[in-house]
Amino acid sequence: MYGDVIIDISLEKLDKTFQYEIPEHLRETVQIGSRVVIPFGNGKRRITGYVVDMSTEPKIDAGRIKPILGVSKDSIAVESQLIALAAWIRRNYGCTMNQALKTVIPIKKKEAGKEKKTVTFLLTQEQARDELSTLLARKRHSQAKEKLLRTLMERSTLPWEDITGKMQIPATVIRDFEKNGWVRIDAERAYRNPVPMTLEKERPIVLSPAQSVAVSRITQDMEAGRLGTYLLYGVTGSGKTQVYMELIAKTLADGKSAIVLIPEIALTYQTLMRFYQRFGNQVSIMNSRMSPGERFDQYERAKKGDIRIMIGPRSALFTPFSDLGIIIIDEEHEPSYKSETVPRYHARETAIARAKMQGASVVLGSATPSVESFAKAKSGEYTLLTLPDRISGRTLPTCEIVDLRAELRQGNRSILSRRLQELMADRLQKKEQIMLFVNRRGLAGFVSCRACGHVIKCPHCDVSLSLHRGDVLRCHYCGYETRKPVVCPSCGSKYIGGFKAGTQKFEEVVRQTFPMARVLRMDTDTTRGKNGHQEILDAFRRGQADILIGTQMIVKGHDFPNVTLVGVLAADLSLNSSDFHSGERTFQLLTQAAGRAGRGDIPGNVVMQTYQPTHYSILAAKDQDYEAFYEEEIAYRELMDYPPAAHMLLILITSEKEEEADRCAKALADLIEDKAPQIRCLGPSDAVVAKVRDIYKKVIYCKHKDYEQLIEIKDRVAQTIQADAGFAKVMVWFDFDPMNQ
Ligand code: ADP
Ligand code: ZN
Ligand code: ZN
């Protein structure tokens with residue numbers, strides 16, 4: 001047995017590993033993540049490193065591989081835990097160990113002008129002499145310690161570089177001195193705090209009964225050492241964030257640290273301020289606009305214990321707290337928690353894995369839980385805690401559905417229904433604000449009938465077919481194809497075709513209908529700049545516009561007290577993406593959009609325009625009835641074997657040569673059918689975007705109830721690709737329980 005050992009994980013190159021033999025007597029002890037003592041260089045030096053991978057094959061002449069000398073007995077470093085987590089990610093999502101390591105361990109990029117540290121001696125001469133004689137009194141005292149102590153007695157400050165360089169004293173000795181309080185280490189470049197401030201304390205709050213139940217249930221479990229995963233289910237404004245803060249306070253009081261994951265888009269100034277108000281400088285944040293250097297600083301501060309709470313999107317999950325007590329995932333249903341690059345890990349599952357390794361609890365919060373999490377809460381795998389009411393007691397807005405098919409029949413061909421126009425005119429006259437929402441997430445050219453609402457779907461997969469060149473309609477799960485019909489197969493109308501309308505088109509219509517209104521538009525085109533996003537929202541909040549039109553960007557986590565009307569322009573747009581999550585996404589988006597109306601003192605109205613007024617996602621969103629939605633949705637998932645009823649593995653095959661991709665995809669599908677007939681295998685077929693930058697993409701979907709069986713398929717496929725020279729020009733990728741087609 002051999003282990004790949006990495007010497008210093010803060011080096012830029014994680015790929016730089018050295019292979020060592022794992023001797024017989026250490027086989028049981030050494031695992032991925034173990035900190036081991038190894039001979040280095042010409043064999044005289046002994047250093048420590050981390051085992052990042054294990055194999056049975058020597059990479060060089062076996063006779064030249066040196067053995068691992070022992071396992072370091074120091075308390076388990078957080079690095080060991082993160083390396084073990086990387087191994088878990090590799091196994092569960094499919095990638096190389098290196099890709100997994102780069103995901104969990106921040107890489108320090110070489111920065112121009114190396115950081116300089118100085119070591120300052122803090123002891124008086126007298127104290128120093130005492131310590132020196134204690135040291136010398138030991139039978140086998142450390143030469144390095146003696147040397148450093150003597151030098152410091154002569155010169156009270158020393159550059160760090162001189163100690164570790166010229167004097168050849170290991171950094172751990174300096175760190176030990178620091179721990180003893182003998183020296184202070186000053187970095188010339190202070191660690192950057194992204195939000196340096198001190199704020200007045202938040203006023204004390206008395207928890208509502210439902211909040212108290214949730215908090216005490218979780219804290220009692222923590223005290224009893226029962227670690228669990230909790231689903232905190234409560235509408236927006238029901239006090240979830242307050243519960244998180246109570247749990248964090250408890251965690252800090254226990255001497256542990258906390259990670260709070262928030263989707264990047266909801267990481268607003270208002271949310272952050274609440275955490276800063278309560279916890280001050282113990283809080284730090286991470287976001288995608290930070291440079292690698294800034295991120296690294298945050299990680300360092302966490303490792304040193306300078307901060308105790310990390311707030312950020314997905315990647316903040318890997319904050320190196322060695323004393324992690326709780327991981328909170330707000331808006332746990334958000335698809336952005338699934339990584340879109342290899343390894344395609346889900347932050348929720350990965351958080352649960354990390355929490356198990358480190359003895360922490362996990363709290364998932366949402367107003368519209370993912371179907372996966374709610375199913376687990378129902379089965380008892382997670383503990384369900386509910387916050388049924390809004391704190392303010394404010395009633396939910398009045399919601400109505402407008403049937404766009406009827407508008408068409410009655411001669412209104414505008415995308416603004418008569419009812420919506422009427423309410424808009426009323427609000428403009430009252431000087432209240434309006435939000436118009438276009439939910440075009442995952443809008444892949446589906447084909448529908450504007451007279452009856454019928455959507456062309458795959459007969460096997462029950463998802464929308466998407467329109468391709470030559471009027472071909474195709475299913476992206478199974479590859480089924482058919483021609484685009486000329487008239488509606490349901491009602492015979494000729495109003496059938498692709499739906500093409502973006503936010504820009506809607507803006508034109510709104511400006512034509514209400515020429516006096518001040519209109520702002522927010523979509524990817526208008527938010528290109530670094531702060532474009534925030535600027536538009538701020539302008540709207542300040543009342544510089546009457547109407548804000550936008551995509552899902554406008555409905556997340558923003559509070560606009562003067563908005564009393566929300567219009568959803570075509571509620572079914574998101575319903576027709578060719579993805580089995582479309583019903584869930586639609587319900588979530590509509591619920592969020594509705595939540596934007598009437599957050600101030602004035603109750604609001606919500607108008608949902610749709611071609612499918614009887615679809616359960618839309619009906620349930622109108623009534624704000626999550627459980628009604630869930631019952632319908634889970635029945636559909638069970639019927640079609642979609643997650644969580646079964647697990648799904650997407651195998652993506654890419655090549656510059658289409659024949660090679662096809663041949664490989666076919667061979668893999670045959671292999672699965674042959675070796676694992678119990679797996680339901682769909683495809684091969686073309687990927688949604690079948691060709692990107694001259695790379696052809698083919699997909700195979702596998703379904704099975706047991707995740708482990710899919711892991712086996714993944715490993716078998718990976719082995720086959722590696723072993724067969726005929727597939728050298730083909731790349732294969734894996735995606736477990738894929739989120740977007
Ligand atoms: P959520 O995270 O579910 O949207 P919040 O925790 O943000 O809910 O609570 C909504 C509002 O109610 C916030 O302004 C918050 O300060 C306030 N709030 C929460 N809990 C209480 C409480 N127990 N007493 C008074 N106000 C509260
Ligand atoms: Zn029709
Ligand atoms: Zn299909």
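Me: Is Gly 583 buried or exposed, going by its C-beta neighbours inside 10 Å?

Reply: This is a predicted model, so keep that in mind throughout. The idea is to count the other C-beta atoms around a residue, and 20 or more within 10 Å means buried. Gly 583 has 22 C-beta neighbours inside 10 Å, so it counts as buried.

Me: Where is Gly 583 found, and what does Gly 583 touch?

Reply: Gly 583 sits in helix H17. Leaving out residues up to four places away in sequence, Gly 583 touches Leu 575, Ser 617, Glu 633 and Tyr 636. For a sense of scale, Ser 212 lies 371 residues from Gly 583 in sequence, and the two are 33 Å apart in space, C-alpha to C-alpha.

Me: Ser 617 belongs to H18. How do I read the packing of H17 and H18, and at what angle do they pack?

Reply: For two packed helices, you give the angle between their axes and the distance between the axes. Here H17 (residues 582-595) and H18 (residues 616-623) pack at an angle of about 25°, and their axes are 9 Å apart. That angle makes H17 roughly parallel to H18, since the cut-off for that label is under 35 degrees. As for handedness, H17 passes H18 in a right-handed crossing.

Me: Which residues in H17 and H18 meet?

Reply: On the H17 side you have Gly 583, Thr 586, Phe 587, Leu 590, Thr 591 and Ala 594; they meet Ser 617, Ile 618, Ala 620 and Ala 621 in H18. Sorted by type, the residues of this contact come out as six nonpolar, four polar and no charged.

Me: What does H17 lie across?

Reply: H17 lies across strands E16, E17, E25 and E26, and runs at about 155° to E25. Those strands are part of an open sheet of six, in the order E16-E26-E25-E17-E24-E23, with parallel pairing.

Me: Which strands stand at the edges of that sheet?

Reply: Look for strands with a single partner. E16 (398-403) and E23 (519-522) each have just one partner strand, so one side of each is left without a neighbour in the sheet. Neighbouring strands here are turned by 15° against each other on average, direction ignored. To zoom in on one pair, E25 (residues 563-568) and E26 (residues 605-610) run parallel and are joined by four bridges. In that pair, Leu 565 has Asn 605 in E26 as its bridge partner.

Me: Let's turn to E14. Which residues point one way from E14, and which the other way?

Reply: In a regular strand the side chains alternate between the two faces of the sheet. From E14, Ser 361, Val 363 and Gly 365 point one way, while Val 362, Leu 364 and Ser 366 point the other, and all are buried.

Me: How many bridges pair E14 with E9, and how many join E13 to E14?

Reply: E9 (residues 229-234) pairs with E14 in the parallel sense over five bridges, and Thr 229 stands opposite Val 362. E13 (residues 324-329) also runs parallel to E14, with four bridges; there Ile 329 stands opposite Leu 364.

Me: Where is the place of Thr 368, and what does Thr 368 touch?

Reply: Thr 368 is in the loop between E14 and helix H12 (371-379). With 28 other C-beta atoms within 10 Å, Thr 368 is buried. Beyond its close sequence neighbours, Thr 368 touches His 333, Phe 587, Gln 588, Thr 591 and Tyr 626. Phe 587 and Thr 591 are also among the H17 residues that meet H18.

Notes: Residues numbered from 1 in each chain as written. Chains lettered and ligands numbered in written order. Predicted model: local features only at pLDDT ≥ 70, side-chain atom pairs only at ≥ 80, totals over all residues. Axes fitted to C-alpha atoms, helices over the stretch in contact; angles between N-to-C directions. Helix = DSSP H or I, 4+ residues; strand = E, 2+ residues; numbered from the N terminus. Parallel < 35°, antiparallel > 145°, perpendicular 65-115°, else oblique. Left-handed = near helix turned anticlockwise from the far one by under 90°. Contact = placed C-beta atoms within 7 Å. Nonpolar A, V, L, I, M, F, W, Y, C, P; charged D, E, K, R; others polar. Buried ≥ 20, exposed ≤ 12 C-beta atoms within 10 Å, placed from the backbone. Pairing = 2+ DSSP bridges.
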